[in-house]
Amino acid sequence: QRRRAAEGVVCDASAVPSGAQATAEAAAAAELAELLEGSSLFLIGMMGTGKSAVGKRVAAALGYTFFDTDALIESVYKTTIQELFAAEGEEGFRDVESAVLCEVASYKKCVIATGGGTVKRRENWMHLRNGVVACLSGPP
């Protein structure tokens with residue numbers, strides 16, 4: 001029930017007069033925080049849909065910690081996603097991606113921007129179920 005309720009919280013900033021935008025966003029964040037009840041929010045979607053940009057903003061509004069799984073992978077492996085993908089192949093890269101998701105999924109009160117291919121592995125859905133999943137589509 002909490003997941004269904006959280007799905008209904010939408011704040012379309014373009015539909016709100018600019019002077020009231022901050023107030024509307026704060027109200028939406030408060031409502032979302034109440035519905036999440038401390039659960040994490042996982043952002044999924046294709047590459048370039050704004051998961052990282054939106055995730056940072058939502059985390060700040062909620063007072064949550066923000067994680068970007070791609071940024072964590074690059075930090076730990078000291079290489080870019082493209083270089084790691086080229087060196088390890090898709091299967092090897094997906095293994096790394098799954099391990100990072102497993103680690104961050106155990107935390108609460110986080111907004112987690114996942115890699116575009118995270119949902120390709122069935123095992124990753126087990127970790128995503130530790131929170132609420134929101135799928136972003138279209139340009140950021």
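Author: Let's start with a rule: two strands pair if DSSP finds at least two bridges between them. Helices (H or I, at least four residues) and strands (E, at least two) are DSSP runs, numbered from the N terminus. This is a predicted model, where local features need pLDDT of at least 70 and side-chain atom pairs count only at pLDDT 80 or more, while totals for chains, interfaces and linings use all residues. Residues are numbered from 1 along each chain as its sequence is written, and side-chain values use heavy atoms, with hydrogens and water left out.

Reader: OK, how do you know that β1 and β3 pair?

Author: Count the bridges: three join β1 (residues 40-44) to β3 (residues 110-113). The rule asks for at least two, so these strands pair. They run parallel, and Leu41 stands opposite Val111 of β3.

Reader: And what makes β1 and β4 a pair?

Author: Here there are five bridges, again in the parallel sense. At least two are needed, so β1 and β4 pair as well. Leu41 turns up again, standing opposite Val132 in β4.

Reader: In what order do the strands sit in the sheet?

Author: It's an open sheet of four strands, β2-β3-β1-β4, with parallel pairing.

Reader: Why are β2 and β4 called edge strands?

Author: Each of them, β2 (65-68) and β4 (131-135), pairs on one side only. Neighbouring strands are turned by 20 degrees against each other on average, direction ignored. Helix α4 (residues 69-77) packs on this sheet, touching β2 and β3 (contact means heavy atoms within 4.5 Å). The direction of α4 makes about 70 degrees with that of β2. For such angles, axes are lines fitted to C-alpha atoms, for helices over the stretch in contact, and the angles run from 0 to 180 degrees between N-to-C directions.

Reader: What makes β1 largely enclosed?

Author: Five of the five residues of β1 are buried, so the rest of the structure largely encloses this strand. Buried means under 20% relative accessible area, exposed over 50%, and partly exposed in between (1.4 Å probe, protein chains only). In a regular strand the side chains alternate between the two faces of the sheet. In β1, Ser40, Phe42 and Ile44 are buried on one side, and Leu41 and Leu43 on the other.

Reader: How many aromatic pairs are there?

Author: The structure holds two. A pair of aromatic rings is described by the distance of the centres and the angle of the planes. Rings of Phe, Tyr and Trp (its six-membered ring) pair if their centres lie within 6.5 Å; planes under 30 degrees apart count as stacked, over 60 as edge-to-face and the rest as tilted.

Reader: Why is the pair of Phe67 and Tyr107 called stacked?

Author: The centres are 5.7 Å apart and the planes at 20 degrees, so the pair is stacked. Phe67 sits in strand β2 and Tyr107 in the loop between α5 and β3, 40 residues apart. Phe67 has a relative accessible area of 19%, so it's buried, whereas Tyr107, at 37%, is partly exposed.

Reader: And what makes the pair of Phe85 and Phe93 tilted?

Author: Their centres are 5.5 Å apart, with 55 degrees between the planes. Phe85 counts as partly exposed at 31% relative accessibility, and Phe93 as buried at 3%.

Reader: Last one: why is Glu37 called exposed?

Author: Its relative accessibility is 60%, so Glu37 counts as exposed. Glu37 is in the loop between α2 (21-36) and β1, and its phi is near 50 degrees, a positive value in a residue other than glycine.
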